[in-house]
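Subject: Structure handover

Hello,

The structure is below, followed by notes on what was found in it. Please read the notes with the coordinates open.

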Amino acid sequence: MRRNEKRTQMGTRSVWSGEKEYLVHGATQVPVVHSVSFGYNDIDEWFEVATGKREGHIYGRNTNPTVQAFEDKVKDLEGAKAATSFSTGMAAISNSLATILVPGDRIVSIKDTYGGTNKIFSEFLPRQNIDVTLCETGNHEALEAEVKKGCDILYLETPTNPTVKITDLKRMVKVAHEAGALVFVDNTFATPILQNPLEYGADLVIHSATKFLGGHADALGGVVCSNDEELVEKIYHYREINGASLDPMAAYLLLRGMKTLQLRIKQQCETAGKIARFLQNHDKVDAVYYPGLETHPNHKIAKEQMSDFGGMLSFAVKGELDGVREFLPRLKYANKAANLGAVETTVGPARTTSHIENTPEERAALGIPEGLVRYSAGIEDVDDLIADLEQALSYVKSDE
Ligand SMILES: *Cc1c(COP(=O)(O)O)cnc(C)c1O
């Protein structure tokens, strides 16, 4: 586990970071600035702002004060020098890749990235003559060998969706930088509370703010941050022209949600750990995937690079899809939905959520059983959640 004082700081940052500079009229909360454009009587001042010589805003597709407050909070939480935001997590991912990659480039990644990211790798990048090599997630030797052949971006996600596999960030950043590659890390599952990839030398950290950062499943958003200000500036430039900007109202909701980020994550980690251990000993459950379990293949790495193991787990109920059909609708305290990271417990089969884009054969190749259930622990009382799981599992048929 990492040092404890860091976590105390994170709670304070969750509440205060990014707020002060944007307050007006003595208000204690950041205003939602819905203005599309920002006007200037002085044409010289206007010109200076427009050309970046002076602080200010010109047009909502470029910058907006509420959106900036959100970016500043994330930047502070990740300990980054710069951040820029997007309309969704996928916009953050696709815009960042498109900023860097040109035909002839090569990207190395893992097979278990988020379903949408995986589609970019399998469908969109190859048709632009960008070479994509996907390695077995958790096979560090294979990743190292591919990176050493030369690549422009090493793209990682840890823990992964939905089987919460772990990649050693420190180890992979080292080989990638020796090979002259940039390292992008999707930190959505860990959140800045549990893992700061920049500390391990990553070049860009990406979040789907839609999930844990917002935490209330009521706003979409994405954000990237880095210690390389030039890199963020380039990505911002791509986004301001291509237009996947974050809406100010969504920025406000995300900003408000983030005030309780540390509280929520602490509770969700504790709950997920207790539920994983409960399910591990349950006779209606074939397998449990949670990095906090000593049986998890990369438990040690997770313990090293994360300050706790996160609010996400998955498990395979007996009887594959039939088992899921019996079990899932009977859960009372869980939304059966495609999102995750919310205050409400949220569950879904991997085949209809994270990996709906894949064929059954592709899912099998990724080690995702058709009966796999993804479980995003909410902030309800854990005893109620366990009792709920117990009664719903009682409907699953035992073997024979
Ligand atoms: C949801 C998710 C995304 C995509 O985010 P959206 O906001 O839905 O576009 C990317 N990465 C991970 C790990 C996710 O869970």
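Strand E1 (residues 82-86) and strand E7 pair in the antiparallel sense over 5 bridges. Thr84 of this pairing stands opposite Val224 in E7.

The model is predicted, so local features need pLDDT of at least 70 and side-chain atom pairs count only at pLDDT 80 or more, while totals for chains, interfaces and linings use all residues. Residues are numbered from 1 along each chain as its sequence is written, and side-chain values use heavy atoms, with hydrogens and water left out.

Strand E7 (residues 222-226) also has strand E6 (residues 204-208) as an antiparallel neighbour, joined by 4 bridges. In that pairing, His207 has Val223 as its bridge partner. Of the 5 residues of E7, 5 are buried, where buried means under 20% relative accessible area, exposed over 50% and partly exposed in between (1.4 Å probe, protein chains only). Both faces of E7 are covered, with Gly222, Val224 and Ser226 on one side and Val223 and Cys225 on the other.

E8 and E9 (residues 312-317) run antiparallel and are joined by 4 bridges, and Tyr289 has Ser314 in E9 as its bridge partner.

Next, the pocket and the ligand.

The largest pocket has a volume of about 940 Å³. Of its 32 lining residues, Glu55, Thr63, Gln68, Glu233 and Tyr236 are the closest to its centre. A pocket is an open set of points on a 1 Å grid over the protein atoms alone, with protein on both sides within 12 Å along at least five of seven lines, and lining residues have an atom within 4 Å of a point. The volume is the space filled by probe spheres set on the points, which are joined across faces, edges and corners. Helix H9 (229-242) is among the elements that supply at least two lining residues, and H9 gives the most, with 7.

There are 14 residues around the ligand, and Gly89, Met90, Asp186, Thr210 and Lys211 come nearest; a residue counts as near if one of its heavy atoms lies within 4 Å.

- 2.8 Å to a backbone N or O atom of Gly89
- 2.9 Å to a side-chain N or O atom of Ser208
- 2.7 Å to a side-chain N or O atom of Lys211

Some backbone details may be worth a look.

The peptide bond from Thr158 to Pro159 is cis, with omega near -5°, and a cis bond with omega of about 5° joins Asn161 and Pro162. His25, which is not a glycine, has a positive phi of about 55°. His25 counts as exposed because its relative accessibility is 85%. Ala217, in the loop between E6 and E7, has a positive phi near 50°. At 42% relative accessibility, Ala217 counts as partly exposed.

Regards

How values were computed. Pairing = 2+ DSSP bridges. 1 Å grid on protein atoms, 1.4 Å probe; cavity = no way out; pocket = protein on both sides within 12 Å on 5 of 7 lines; lining within 4 Å. Polar contact = N/O pair within 3.5 Å; in protein donor to acceptor, adjacent residues only side chain to side chain.
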